[in-house]
Amino acid sequence: MGRTPAALLAVALGLGLLLVACGNNALPQPGPQADPTAAGAPRVGVILPETATSARWAHFDQPMLRSALQRRGLAPIIQNAQGDAQKFAQIADSMLSQRVEVLIIAAPSGDVGATVEQQAARLGVPVIDYDRLSLGGSADYYVSFDHEQVGALQARALAAALRGRPGAQVIEIGGSLTDYNAALVHRGQTRTLGPHYAAGDLRLVSSRFVDGWDNQVAGQIFEQLLTANGGRVDGVLAANDGLAAAVITVLQKYGLAGAVPVTGQDSTVDGLRAILQGHQSSTVFKPIQQEADTAAELAAALVRGDTAAADALATQRVADPVSGRLVRSVLLAPQLITRDNIKSVLGPGHVRAEEICGGDLAGACRRLGISG
């Protein structure tokens, strides 16, 4: 039977993430580019989770993974499950029937990810969990970011924005209970803001998770919480830029946009534009190019059968809180982005200046020294 969202949350929050660092995360440089269309090029299947709740999967991950795999002489087959667990399983079946030599997956839920991994293991196909750990699964490697640190960065940014406002009221809008990353982000947030709540520096109005990271539902939940609190909120801890956008839409309706700091994650085009507009106070940048390159380097090593090279790259260990298994991992460091350092994440391989500086934001870009 599948685990319920409540059970997943209890597991994720009740059991700690074990991480043991055993070296740095420097990537080996890929060799000369091979022709990925040549007959016999090793096939690598990539299944991404969705496109509806975050622009990152289509805007960043898909093209970056394709390019990173091709540079290593591999033939990528990339599909997106669009948040549908059944479709995810069907895509995996198809890829395995095409005899991919490695699977890279970011599953919509831990249950379907674990099921696919069991099937791949029976066929001798190694699996790399990409961005999301499939709880109870059997992935050979895990490539992601330190999501507890993501939550801690968000919480610190919100606390800083509300400094000097004792008793400021906070609403927390978290991600999906079926995504372990959402629980890790929440854990980092709680570790950081918990002492502020306990001391009365800040007051937690409500903390809610949003099934499937659904932005429309997030907006409805936030509006209900806001109206139940008499239309009062001083800060919003939103788990990613999509949820932040839904919150900002509601704040605009009530004439509060720009007066209420709102956090985010993923440094999307919309999130960065919202920061320039003054509607969003921060986001978190995750170097997805590094994540894609790491996954591709691991895949290339596994295609060669060189587990020693893969192990040398994945020098960290993350404990699966369901199985207790230690998964060889690479966790990359996130970076807090505010208006002051937004320029640092613009350029090749990231959001381009011209994507955020158009129209009424041209002046804001000029004042920050951003040309685009």
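Strand 4, helix 4 (residues 110-122) and strand 5 form a β-α-β unit that is right-handed. The model is predicted.

**Strand 4 and its partners**
- Strand 4 and strand 5 (residues 127-130) are paired in the parallel sense, over three bridges.
- I104 has I128 as its bridge partner in strand 5.
- In a regular strand, side chains alternate between the two faces of the sheet.
- In strand 4 (residues 102-105), V102 and I104 point one way, L103 and I105 point the other way, and all are buried.
- Strand 4 also pairs with strand 2 in the parallel sense, over four bridges.
- Within that pairing, I105 in strand 4 is the bridge partner of I47.

**Strand 2 to strand 3**
- Strand 2 (residues 43-48) and strand 3 run parallel and are joined by six bridges.
- The chain gets from strand 2 to strand 3 through helix 2 (residues 56-71), and this β-α-β crossover is right-handed.
- Opposite V44 stands P76 in strand 3.
- Five of the six residues of strand 3 are buried, so the strand is mostly covered, where buried means under 20% relative accessible area.

**The loop at G83**
- G83 belongs to the loop between strand 3 (75-80) and helix 3 (85-97).
- The relative accessibility of G83 is 48%, and G83 therefore counts as partly exposed.
- Neighbours within four places in sequence aside, G83 is in contact with P49, E50 and P108.
- For P49, the separation from G83 is 34 residues in sequence and 5.5 Å in space, taken from C-alpha to C-alpha.

- Three strands in the order 8-7-9 form an open sheet, and their pairing is parallel.
- Strand 8 (202-209) and strand 9 (235-238) stand at the edges with a single partner strand each, which means that one side of each has no neighbour in the sheet.
- From one strand to the next, the twist averages 20 degrees.
- Strand 7 (residues 168-174) pairs with strand 9 in the parallel sense over four bridges.
- E172 has L237 in strand 9 as its bridge partner.
- Helix 7 (residues 215-228) lies across strand 7, strand 8 and strand 9, and runs at about 155 degrees to strand 7.

**Strand 12 and its partners**
- Strand 12 (residues 326-332) is mostly covered, with five of its seven residues buried.
- Strand 6 (residues 141-145) pairs with strand 12 in the parallel sense over five bridges.
- V143 has V330 in strand 12 as its bridge partner.
- Strand 11 (residues 316-319) and strand 12 run antiparallel and are joined by four bridges.
- V327 in strand 12 stands opposite V318.
- The hairpin of strand 11 and strand 12 has six residues between the strands, and in this hairpin G324 takes a positive phi near 80 degrees.

**Aromatic rings**
- The count of aromatic pairs comes to zero, with ring centres required to lie within 6.5 Å for a pair.
- The charged end of R56 sits over the ring of W57, at 4.1 Å from the ring centre.

Key:
Residues are numbered from 1 along each chain as its sequence is written. This is a predicted model: local features need pLDDT of at least 70, side-chain atom pairs count only at pLDDT 80 or more; totals for chains, interfaces and linings use all residues. Side-chain values use heavy atoms; hydrogens and water are left out. Rings of Phe, Tyr and Trp (its six-membered ring) pair if their centres lie within 6.5 Å; planes under 30 degrees apart count as stacked, over 60 as edge-to-face and the rest as tilted. A charge sits over a ring if NZ of Lys or CZ of Arg is within 6 Å of the ring centre and within 35 degrees of the ring normal. Helices (H or I, at least four residues) and strands (E, at least two) are DSSP runs, numbered from the N terminus. Buried means under 20% relative accessible area, exposed over 50%, partly exposed in between (1.4 Å probe, protein chains only). Contact means heavy atoms within 4.5 Å. Two strands pair if DSSP finds at least two bridges between them. A crossover is right-handed if, with the strands pointing away from the viewer, the path from the first strand over the helix to the second runs clockwise. Axes are lines fitted to C-alpha atoms, for helices over the stretch in contact, and angles run from 0 to 180 degrees between N-to-C directions.
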